Every structure is written in structure tokens, then in C-alpha cells.
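My notes on what I looked up follow the model.

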Amino acid sequence: DKIDESLIEQSLTNPYATELPKGLTLRELEKRYIIETLSEVDHDRIKAAAKLGIAPQLLDEKIDNISS
């Protein structure tokens with residue numbers, strides 16, 4: 001299956017898009033993003049979860065997975 005061309009165009013023209021490191025797995029990318037977000041909110045898990053758009057319980061699960 002091919003990706004919808006409009007999605008590719010949106011990602012290329014999005015002024016908020018950032019350069020992603022090449023060669024990372026999704027797991028590593030998620031780990032880095034979670035750690036960076038936690039740093040931005042002084043390790044407040046509730047604020048980090050809100051910023052990530054996920055439930056605090058899900059963030060806790062993801063942190064547990066990162067730690068193991």
C-alpha cells in the first residue's frame with residue numbers, strides 16, 4: 001500500500017515539522033520524544049502526558065517499557 005500523497009505534501013510543508021534523526025526505530029524515537037517532553041515540563045508526568053496527548057496511565061506504561 002502506498003501513502004496518500006497529500007500526507008507527504010503536508011509533512012514537507014508543515015512549518016512545525018522538525019528534522020528527524022535517520023536510522024532510529026520507532027521505539028527509540030518514542031523514547032527520545034518522551035524523555036525530551038518530560039525534561040521540558042520538569043518531569044511532571046501529568047503535564048507531559050497532556051503535552052503528548054495521551055493519558056497519564058499510558059505515559060506511565062511507556063516509561064515502564066523504556067526502563068525495561
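**Surface and ground rules**

I started with the surface: the protein exposes about 5900 Å², and carbon and sulfur atoms supply 53% of that area. Accessible areas come from the Shrake-Rupley method with a 1.4 Å probe, and for residues only the protein chains shown count as cover.

I noted that this is a predicted model, where local features need pLDDT of at least 70, side-chain atom pairs count only at pLDDT 80 or more, and totals for chains, interfaces and linings use all residues. Residues are numbered from 1 along each chain as its sequence is written, and side-chain values use heavy atoms, with hydrogens and water left out.

**Confidence**

I checked pLDDT, the predictor's confidence in each residue on a scale from 0 to 100. The protein averages 85, and 76% of the residues score at least 70. Helix 3 has the highest confidence, at a mean of 96, while helix 1 (residues 5-13) has the lowest, at 65. Where pLDDT is low, the predicted coordinates should not be read in detail.

**Overall layout**

I found four helices and zero strands, in the order α-α-α-α along the sequence. Both element types are DSSP runs numbered from the N terminus: helices are H or I with at least four residues, strands are E with at least two. Of the 68 residues, 12% count as buried. The classes are buried for under 20% relative accessible area, exposed for over 50%, and partly exposed in between (1.4 Å probe, protein chains only).

I also looked at contacts, meaning heavy atoms within 4.5 Å. Among those between residues at least 6 apart in sequence, 25% join residues at least 24 apart.

**Helix 2**

I picked two residues here. L29 is found in helix 2 (residues 26-40), and it counts as partly exposed because its relative accessibility is 27%. Leaving out residues up to four places away in sequence, L29 touches L20, P21 and L24.

T37 also lies in helix 2. Is T37 buried or exposed? It is buried, since its relative accessible area is 3%. With residues up to four places away in sequence left out again, T37 touches A48, K51 and L52.

I went through the backbone angles and stopped at two residues. D42 sits in the loop between helix 2 and helix 3 and has a positive phi of about 50°, although it is not a glycine. D42 is exposed, with a relative accessible area of 70%.

H43 lies in the loop between helix 2 and helix 3 too. Its phi is near 65°, a positive value in a residue other than glycine. H43 is exposed at 57%.

**Helix 3 against helix 4**

How do helix 3 and helix 4 pack? Helix 3 (residues 45-52) and helix 4 (residues 56-67) meet at an angle of about 100°, with their axes 9 Å apart. The two helices are therefore roughly perpendicular to each other. R45, I46, A48, A49 and L52 of helix 3 make the contact with P56, L59, D60 and I63 of helix 4. I sorted these residues into seven nonpolar, no polar and two charged.

For the terms: axes are lines fitted to C-alpha atoms, for helices over the stretch in contact, and angles run from 0 to 180 degrees between N-to-C directions. Under 35 degrees is roughly parallel, over 145 roughly antiparallel, 65 to 115 roughly perpendicular, and the rest oblique. Ala, Val, Leu, Ile, Met, Phe, Trp, Tyr, Cys and Pro count as nonpolar, Asp, Glu, Lys and Arg as charged, and the others, Gly among them, as polar.
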